[in-house]
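Hi,

Here is the structure I promised to pass on. Have a look at it first, then read my notes below.

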Amino acid sequence: MTYDADAIAPLRAFVVAMTRLVERSRDEAVLLDEGRRLLAQLVSRDGWLPPAFSRSGADSYRQYLLHADPLERFSVVSFVWGPGQRTPIHDHTVWGLVGILRGAERCRRYLRADDGRLRAHGEETVLRPGEVDAVSPRIGDVHVVANALDDAPSVSIHVYGANIGAVRRHVYDESGTATLFVSGYSSDVVPNLWDRSAAARAAPVDA
Ligand code: FE
């Protein structure tokens, strides 16, 4: 199969739109609201994520950096859960959006009770392709995400208000004890968003 540099165009368009958005506003409510709309559009169709960034791992979920804003105002990551895989209870410390591309994911929120323990809060939700969830310290930042499928991987696209792999944050046990956590990324390469040569070659030649 030949490499189709144009297949990634929806991700490039999303990165451009998110860059314009963070240029225009630093207001979290605006970023979550408009970012949600942009992410919903990105995950409304499949076919643009290169296979190298949707491979599941045998031991644990994978998190592949797709793009980091040069000023680290946002980052875009593909998360891939194999059957039965889940995150620990964790926080983000910055705003985040989760859009489902393939499969289905179970999300459970946690709140700190008066005794200091973390307790599951509200219903567990199941997100399906095209759906988007939001987190932040303001609206609820502690959760667990798991693959809702027993027999197939699930893939979601996440956007965060920082270079999330380098953010000092926390994982928690049920007693509420926090442990410092810096996630990093599962890959040392990012997809090539910028090979627009086919369109340049196809453009009409000036007379
Ligand atoms: Fe999370």
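**Salt bridges**

Searching the whole structure turns up 10 salt bridges, each being a side-chain nitrogen of Lys or Arg within 4 Å of a carboxyl oxygen of Asp or Glu. Before you go on: this is a predicted model, where local features need pLDDT of at least 70, side-chain atom pairs count only at pLDDT 80 or more, and totals for chains, interfaces and linings use all residues. Residues are numbered from 1 along each chain as its sequence is written, and side-chain values use heavy atoms, with hydrogens and water left out.

One of the bridges joins Glu34 and Arg24, at 2.6 Å from N to O. Glu34 sits in helix 2 (residues 28–42) and Arg24 in helix 1 (residues 9–24), so this pair ties together parts that are 10 residues apart in sequence. (Helices, H or I with at least four residues, and strands, E with at least two, are DSSP runs numbered from the N terminus.) Arg24 is exposed, at 56% relative accessibility; the cut-offs are under 20% relative accessible area for buried, over 50% for exposed and partly exposed in between, with a 1.4 Å probe and protein chains only.

Another bridge pairs Glu28 with Arg138 (2.8 Å, N to O). That one links distant parts of the chain, with Glu28 in helix 2 and Arg138 in the loop between strand 7 (132–135) and strand 8, 110 residues apart. Arg138 is exposed too, at 53% relative accessibility.

Now, are the partners Asp69 and Arg73 buried or exposed? Their closest N and O atoms are 2.9 Å apart. Asp69 is buried at 2% relative accessibility, and Arg73 is buried as well, at 13%. Through shared partners, salt bridges join Glu23, Asp69 and Arg73 into one network.

**The iron ion**

Which residues hold the iron ion? His90, His92 and His143 coordinate the iron ion, each through NE2, at 2.1 Å. Donors here are N, O and S atoms within 2.8 Å of the metal (3.2 Å for Na, K and Ca), and water is not among the atoms, so sites may look incomplete. Along the chain the donors follow the spacing H-x1-H-x50-H. His92 is in the loop between strand 3 (89–90) and strand 4 (96–102), while His143 is in strand 8, 51 residues away. Both are buried: His92 has a relative accessible area of 2%, and His143 comes to 4%.
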